[in-house]
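Dear colleague,

I am passing on a structure that I would like you to open alongside this message.

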Amino acid sequence: MITCIGHTALDYIFNVEKFPEPNTSVQIPSAKLYFGGAAANTAVGVKKLGVDSELFSCVGYDFRNSKYEKYLKNLGVKLNLYYSEEEETPKAWIFTDKENNQITFFLWGAAKHYREIEAPTFNSKIVHLATGDPKFNLQCAKKNYKKSLISFDPGQDLPLYSREDLKDILNYANFLFMNRHEFERAKKLLNYELEDFLNHLDLLVVTFGSKGSKIFTKNEIIEIPAIKPRKVTDPTGAGDAYRAGFLSSYIKGYDLKTCGLVGSAVASFVVEEKGCQSNLPSWEEVLERLRLEGFKVEL
């Protein structure tokens, strides 16, 4: 079982030629709603890869009996949800330019309730802390450390972490996932170099978009190529897909290079369609894509 903690959200995703300057406007295509939220994206990705997943999240009064809730239940994701009676489910408006840079406006809504919840103890092999409330993530890390492997991905919520909280949570994390931009911000915030991170972690994974990813441990650096998608429609959710692939492979017992390759392959499916969960693959589809790219992974 992999437990994913953090945001469940409704996403509005837009592709724009460029971001507008202040006090100007830019045209956008028609709006379409997608299922999202980093924790939910990862939990769904894990489940589709054949590993049991649990989602712990704060959702709004509009989530109960919604299409999204029914979808998660039908997939078999174990739901461990806090329902707000006065706030709506978090929502994200995500804008991507032609260079695949992103700006996100995020309505926290029901996510404000994390501060009111006592961190649970989970019966899972891996507890994955996705975007969400920093204080609550820190409590979950402390409470479940050594009972479970702690995976941490602050994502675009990294600016919400104080220097003290980010430094503290690394003391209770086994895995850290970041893209290259987040890693540079974290280095500056903490005044850390690579070796400082590895003094706290078992492994650090940094993704570089179309240039692949790198897995850092105390003993080695493993370079993972990007698996080529059939087309590129939108990069939103690629990071969550990578985490789902990596963690699912890890729990299945594969070596770190294979975990990275599977993560890269899962991400390659997601960028082919709009929506973080629209094109998540099965385990068999991932292995077939890796085979076509010249990588053999045993079942």
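**Two helices side by side**

Helix 3 and helix 4 are roughly parallel to each other, because their axes cross at roughly 20° and an angle under 35 degrees counts as roughly parallel. Please bear in mind throughout that this is a predicted model. The axes of helix 3, which covers residues 134-144, and helix 4, which covers residues 163-170, come within 9 Å, and the crossing of the one past the other is left-handed. On the side of helix 3, the residues that take part are Lys135, Asn137, Leu138, Ala141 and Lys142, and they meet Asp165, Asp168 and Ile169 of helix 4. Sorted by class, this contact is made up of three nonpolar, one polar and four charged residues.

How many strands form the open sheet, and in what order do they stand? There are nine, arranged as 5-4-1-8-9-10-11-12-13, with mixed pairing. Strand 5 (78-83) and strand 13 (221-224) are at the edges and have a single partner strand each, so that one side of each is left without a neighbour in the sheet. From one strand to the next, the twist averages 15°. Helix 7, residues 238-252, packs on this sheet and touches strand 1 (2-5), strand 8 (126-129), strand 9, strand 10, strand 11 (203-207), strand 12 (213-216) and strand 13, while its direction makes about 155° with that of strand 10.

Strand 9 (residues 149-152) pairs with strand 10 in the parallel sense over two bridges, and Phe152 stands opposite Leu176 of strand 10. Strand 10 itself, residues 175-179, is mostly covered, as four of its five residues are buried. Strand 4 (residues 53-59) and strand 5 also run parallel, and six bridges join them; within this pair, Glu54 has Lys78 of strand 5 as its bridge partner.

**A closer look at Leu79**

Is Leu79 buried, exposed or partly exposed? Its relative accessibility is 25%, and it therefore counts as partly exposed. If neighbours within four places in sequence are left aside, Leu79 is in contact with Leu55, Glu69, Leu72 and Lys73. Leu55 is 24 residues away from Leu79 along the chain, yet the C-alpha atoms of the two are separated by 5.2 Å.

**Two loop residues with positive phi**

Finally, please look at two loop residues whose backbone angles deserve a check. Lys146, in the loop between helix 3 and strand 9, has a positive phi of about 80° although it is not a glycine. Lys146 is also exposed, its relative accessible area being 75%. Asn191, which is not a glycine either, has a positive phi of about 55°, and it lies in the loop between helix 5 (180-190) and helix 6 (194-198). With a relative accessibility of 65%, Asn191 counts as exposed.

With kind regards

Note on methods: Residues numbered from 1 in each chain as written. Predicted model: local features only at pLDDT ≥ 70, side-chain atom pairs only at ≥ 80, totals over all residues. Heavy atoms only, no water. Axes fitted to C-alpha atoms, helices over the stretch in contact; angles between N-to-C directions. Parallel < 35°, antiparallel > 145°, perpendicular 65-115°, else oblique. Left-handed = near helix turned anticlockwise from the far one by under 90°. Contact = heavy atoms within 4.5 Å. Nonpolar A, V, L, I, M, F, W, Y, C, P; charged D, E, K, R; others polar. Buried < 20%, exposed > 50% of the residue type's maximum accessible area, 1.4 Å probe, protein only. Pairing = 2+ DSSP bridges.
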